[in-house]
Amino acid sequence: MSLPPKVTDRAFERLAEINEGATATQCLRVAVEGGGCSGFQYEIKLEDTAADDDLILEKDGQKVLVDSVSLPFLTNAVIDFSQELIGARFVIENPNASSSCGCGTSFSM
């Protein structure tokens with residue numbers, strides 16, 4: 001059974017912090033593109049609006065967008081926010097990935 005990706009509370013909270021005091025609320029776009037050292041790579045960025053074919057994951061007014069092409073690659077994945085000594089970033093735990101690179105932004109299936 002394929003389920004859409006899940007967004008953790010921590011990721012939504014960080015997105016709310018980013019949007020705090022902003023004049024226009026930004027959405028977090030999570031996409032999968034060809035490339036990277038393992039074949040596919042994640043693109044995570046802020047955008048103003050959703051596209052017509054986006055899956056919108058929403059909590060407390062914060063939105064995470066996944067386009068229809070990327071959605072099959074992110075089935076059952078978890079979108080999270082990680083804060084470590086080396087830095088803070090949005091991360092994706094993807095059960096569909098058979099391997100990934102050391103940086104965590106590139107994977108293969």
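This is a predicted model: local features need pLDDT of at least 70, side-chain atom pairs count only at pLDDT 80 or more; totals for chains, interfaces and linings use all residues.
Local features were taken at pLDDT of at least 70 and side-chain atom pairs only at pLDDT 80 or more, while totals for chains, interfaces and linings use all residues. Residues are numbered from 1 along each chain as its sequence is written, and side-chain values use heavy atoms, with hydrogens and water left out.

Three strands make up an open sheet in the order 1-6-7, with mixed pairing. Strand 1 and strand 7 are the edge strands, each pairing on one side only. Helix 1 (residues 9-19) packs on this sheet and touches strand 1, strand 6 and strand 7; its direction makes about 70 degrees with that of strand 6. Here, helices (H or I, at least four residues) and strands (E, at least two) are DSSP runs, numbered from the N terminus, and strands pair if DSSP finds at least two bridges between them. Contact means heavy atoms within 4.5 Å; axes are lines fitted to C-alpha atoms, for helices over the stretch in contact, with angles running from 0 to 180 degrees between N-to-C directions.

Strand 1 (residues 6-7) runs parallel to strand 6 (residues 78-84), over two bridges, and Val7 sits opposite Ile79 in strand 6. On the pairing between strand 6 and strand 7 (residues 87-93), the sense is antiparallel and there are seven bridges. These two strands form a hairpin with two residues between them. Val78 stands opposite Glu93 in strand 7, and Phe81 has Phe90 as its bridge partner.

Next, the aromatics. Searching the whole structure turns up two aromatic pairs (Phe, Tyr and Trp rings, the six-membered one for Trp, with centres within 6.5 Å; planes under 30 degrees apart are stacked, over 60 edge-to-face, the rest tilted). Phe40 and Phe73 form a tilted pair, at 4.9 Å centre to centre and 45 degrees between the planes. This pair links distant parts of the chain, 33 residues apart: Phe40 is in strand 3, and Phe73 is in the loop between strand 5 (62-66) and strand 6. Phe40 is partly exposed at 25% relative accessibility, and Phe73 is partly exposed at 22%. Phe81 and Phe90 form an edge-to-face pair, 5.1 Å centre to centre with 65 degrees between the planes. Both Phe81 and Phe90 are buried (buried is under 20% relative accessible area, exposed over 50%, partly exposed in between, using a 1.4 Å probe and protein chains only).

As for charges, the whole structure holds seven salt bridges, each a side-chain nitrogen of Lys or Arg within 4 Å of a carboxyl oxygen of Asp or Glu. Within helix 1, Glu17 and Arg14 are three residues apart, so about one helical turn separates them; their closest N and O atoms are 3.2 Å apart in a salt bridge. Glu17 is partly exposed at 47%, as is Arg14 at 28%.

Glu47 bridges to Arg29, with the closest N and O atoms 3.0 Å apart. Because Glu47 lies in strand 3 and Arg29 in strand 2 (residues 27-34), this pair ties together parts that are 18 residues apart in sequence. Arg29 is buried at 8%. Glu47 also meets Lys45 in a salt bridge (3.6 Å, N to O), and Lys45 is partly exposed at 35%. Through shared partners, salt bridges join Arg29, Glu43, Lys45, Glu47 and Asp54 into one network.
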